[in-house]
Amino acid sequence: MHGGIHFHAQGTPDPGSSSGPVPRQLPADVGGFVNRIDELGQLNAVLTTEDGGPLVVSVYVIAGTAGAGKTSLALRWAHQVRERFPDGQLYANLRGYDPGEPVAAREALHRLLTSLGVQAGAVPQDLDAAAALYRSLLADRRVLVVLDNAATVGQVRPLLPGSAHSLVLVTSRSRLSGLAVRDGARRLTLGVLPEPEAVALLRVVTAGYRPVDDERQLAELAGLCARLPLALRIAAERAASHPHLRLDDLIADLRDESALWDALSTGDDEEAEAVRTVFAWSYRALSEQAARLFRLLGLHPGPEFGLRAAGALAGSASTSRSRQLLDSLVGAHLLEQTAQDRYRFHDLLRAYAIDQAQHEEPPAEREAALRRVLEWYLHTADAAQSWINPAEDRVPLTPASDDISPLTFPDYDAAVDWAEREHDNLLQAVRMAADAGHDGLAWQLSTVLWNAQFPSASGMSWPAVGRIGLEAAERLGERAAQGALHTYLGMAYTRLNRQTESLESHENALTIRRDLGDRLGEARSLNLIGLNHLRGRRLDTAARHFEQAISAFQEQDAAHWAATAMSNLATTHYRAGRLPEAATVIDQALAAHRTLGDQRGEGNILRVLSDVQRERGDVEPSLASAQAALDIALSLRNLRLEGFWLLTLGDAQQAKCQYAEALTSYQRSATLHRRLADRSREALAWQGAGEVYRQLGRHAEAADFHRQAASTHRDLGDEWYQALALDGLGSAVLGESPEEARRHWAQVLRLIADFDDPRAAALREAAECRLAGVS
């Protein structure tokens with residue numbers, strides 16, 4: 001799980017959840033042994049309960065200066081009391097004081113929810129909706145939540161469970177007073193270790209490596225480290241690795257190192273200065289190559305990275321040599337190893353590495369290292385795209401240089417796993433490229449990233465870097481790149497239900513592609529503009545765009561895109577109620593997708609086929625087609641497709657009178673779409689449930705679902721689906737309130753007055769007949 005979010009499950013998953021949490025261990029106690037009896041006693045007092053009642057305090061803030069051992073204490077205590085929390089432990093590093101951007105509350109919630117078993121693409125994009133889901137999942141659980149390295153109350157508050165069953169520990173360099181005032185948090189402020197415990201920590205680490213050192217000298221060494229656990233651990237490791245060097249000499253070396261920081265010190269933070277001095281002491285003991293790698297790692301886009309990315313920064317194609325150097329940094333406690341060939345920085349050490357790179361690495365070397373790692377990410381993401389999105393155009397790239405070793409992937413799942421693990425680094429790589437003036441890399445990275453996103457990536461993250469890439473392409477005058485990025489921005493805006501911006505982006509792309517004489521690109525834009533009109537139920541306009549696109553695709557021998565546009569045309573005919581025309585195009589599109597081996601395209605047209613078969617009364621084939629489509633969505637690990645195609649399966653199950661199964665499909669679809677923040681399709685699932693309850697004669701429940709759906713469609717300005725929901729609502733309330741039913745059917749007629757397709761005509765006729773029947 002990337003981003004420092006972990007879940008450690010103590011009990012069994014919630015039987016009501018779609019999938020149980022993945023067991024995760026809390027991170028290791030990297031700060032070293034901390035024996036703080038008083039502080040641990042205060043924390044243990046928090047768990048004092050009577051008869052298993054609620055916790056006395058549900059939020060606890062551990063505040064202290066940099067390196068004061070807050071994380072170490074919190075995690076040590078968490079391990080000690082884990083049996084008191086049978087439903088598990090959650091850990092999130094909020095990176096509030098990291099040299100990069102802190103983890104926003106929305107992103108932290110996304111990662112916490114995935115740790116709780118929610119699929120990544122199913123997490124709501126809206127902060128309030130994600131927080132509500134998080135609280136509901138923890139409402140009946142007893143969980144310990146550790147929120148590490150928080151900078152602000154705003155980072156923390158959305159991550160509070162809202163239940164007295166769970167306990168939250170927050171560590172921060174700030175006092176976070178707002179949590180105490182508003183949320184009833186109790187605060188424990190940590191200073192430095194008492195001298196006896198600081199000396200004890202030095203003895204623990206050096207035991208067995210050195211003769212017994214003088215107590216007075218150990219106390220002096222502890223004082224130079226400001227008795228801060230992180231600094232003490234690094235200093236002790238240095239002493240242990242030089243067993244024959246007198247402690248007086250080591251202390252003298254440490255005193256000399258302090259001069260290195262005169263230019264950086266502000267003079268108002270002696271403890272932080274001591275930490276930096278100990279870092280310098282450890283850093284100067286590294287070999288020349290290890291020291292160079294350490295400072296170059298400060299240029300990496302994020303705090304966590306893999307072996308090959310580190311090799312790219314160093315300009316080394318030898319993975320064995322890179323691994324050796326990284327192992328030496330781990331041994332010196334300047335890095336932490338998180339998995340095989342994967343490493344991360346403590347935030348203070350990353351800041352120190354950045355400083356060292358800026359002060360010791362020549363500008364040309366820094367520039368070359370940054371370019372190498374950005375190119376490594378570009379080429380590796382391009383390799384991932386070949387599995388994740390093979391039909392999309394590849395960005396023309398110059399061959400990778402000999403001093404970087406991009407990854408390749410053996411299969412689809414390996415590519416998706418890498419894309420999910422590196423998503424944050426890729427986003428930051430785009431920003432770093434633009435900030436460094438590498439406009440070519442910026443637009444290439446943003447373009448490849450769109451096509452190499454893992455299938456259930458949050459729709460919120462890419463548009464910002466897409467705009468960065470577009471601005472970079474505009475500065476370079478790269479018109480073809482601008483057309484591609486306008487296209488991808490249009491697709492991203494569609495996912496976010498920002499249809500006006502989507503249409504504007506696609507029309508900009510169309511203009512560019514026509515100017516360039518790019519007939520294939522023009523056809524793609526026509527197809528995407530057609531989809532925009534389809535969503536707005538401008539069906540004749542949509543059909544014209546699809547027909548133009550199909551003709552252009554066929555002229556260009558673009559079989560995949562021609563089949564895709566055929567599927568969209570078939571959907572348009574079906575939505576209009578022109579079933580024979582839809583069936584003809586479906587046959588062509590299905591044959592084309594199968595010939596091409598395009599699973600996603602096959603699943604999409606099977607969805608439309610199922611709808612047509614159901615309306616023709618071919619219920620068994622309809623059910624089989626819908627299930628086949630859903631199986632494809634599951635194999636692709638694509639929650640968006642799963643949620644959408646479950647609607648079709650529910651409709652087929654309802655037609656088969658499999659009402660319990662249909663309700664299960666609609667419920668799953670509604671849950672997925674709520675987490676994806678797709679209110680329109682969530683409302684369609686409610687409509688399906690309403691129809692099932694009406695078939696079962698449970699009219700009050702049917703009416704409730706139809707009211708919910710109608711309200712949402714009204715809020716979204718979708719008159720067609722609002723009319724369908726109101727039509728169902730009228731039928732549901734007819735027995736109890738004929739007058740209310742009349743009002744709903746009259747509203748249906750007003751809403752569809754401007755629609756003239758066959759399906760709209762049939763709905764108009766049915767509404768008029770129903771109105772006449774209750775006169």
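Q: Hi! Which ring does R537 lie over?
A: R537 lies over the face of F755, at 5.9 Å from the ring centre. A charge counts as sitting over a ring if NZ of Lys or CZ of Arg is within 6 Å of the ring centre and within 35 degrees of the ring normal.

Q: Before I go on, what kind of model is this, and which atoms go into the side-chain values?
A: It is a predicted model, where local features need pLDDT of at least 70 and side-chain atom pairs count only at pLDDT 80 or more, while totals for chains, interfaces and linings use all residues. Residues are numbered from 1 along each chain as its sequence is written, and side-chain values use heavy atoms, with hydrogens and water left out.

Q: Thanks! Back to R537: where is it found, and is it buried or exposed?
A: R537 is found in the loop between α23 (519-535) and α24 (539-555). It is buried, with a relative accessible area of 10%. Buried means under 20% relative accessible area, exposed over 50%, and partly exposed in between (1.4 Å probe, protein chains only). Helices (H or I, at least four residues) and strands (E, at least two) are DSSP runs, numbered from the N terminus.

Q: And what is the phi of R537?
A: The phi of R537 is near 55 degrees, a positive value in a residue other than glycine. Most residues other than glycine have a negative phi.

Q: Which other residue has a positive phi although it is not a glycine?
A: C657 is one, with a phi of about 65 degrees. C657 lies in the loop between α29 (639-655) and α30 (659-675). At 51% relative accessibility, C657 counts as exposed, whereas R537 is buried.

Q: Nice. What does the charged end of R524 sit over?
A: The ring of W561, with the charged end 4.1 Å from the ring centre.

Q: Let's move to ring-ring pairs. How many aromatic pairs are there?
A: The structure holds 15 of them. Rings of Phe, Tyr and Trp (its six-membered ring) pair if their centres lie within 6.5 Å; planes under 30 degrees apart count as stacked, over 60 as edge-to-face and the rest as tilted. One of the pairs is F294 with Y352, which is tilted, at 5.9 Å centre to centre and 45 degrees between the planes.

Q: Which helices do F294 and Y352 lie in?
A: F294 lies in α12 (residues 288-297) and Y352 in α15 (residues 347-360), so the pair ties together parts that are 58 residues apart in sequence. F294 and Y352 are both buried. They also belong to a cluster in which ring pairs link Y283, F294, F305, Y343, F345 and Y352.

Q: Switching to strands: how many bridges join β4 to β5?
A: Five bridges join β4 (residues 144-150) to β5, and the two run parallel. Strands pair if DSSP finds at least two bridges between them. As one example, V146 has L169 in β5 as its bridge partner.

Q: Which residues sit on each side of β5?
A: L167, L169 and T171 are on one side, with V168, V170 and S172 on the other, and all are buried. That covers six of the six residues of β5 (residues 167-172).

Q: How about α3, how many of its residues are buried?
A: Nine of the 11 residues in α3 (residues 105-115) are buried, including L109, H110, R111, L112 and L113. α3 is followed by G117, whose phi is positive, near 105 degrees.

Q: What does T206 touch?
A: Not counting residues up to four places away in sequence, T206 touches A236, A239 and A240; contact means heavy atoms within 4.5 Å. T206 lies in α7 (residues 195-206), and it is buried, with a relative accessible area of 10%.

Q: And H244, is it buried or exposed?
A: At 80% relative accessibility, H244 counts as exposed. It lies in the loop between α9 (229-241) and α10 (247-257).

Q: Last one: what is the mean pLDDT, and where is pLDDT below 50?
A: The mean is 84, and 85% of residues reach 70 or more; pLDDT is the predictor's confidence in each residue, from 0 to 100. Over residues 1-43 the pLDDT is below 50, although this stretch has 114 contacts in the model beyond near neighbours in sequence. Residues 257-268 also stay under 50, with 19 contacts beyond four places in sequence.
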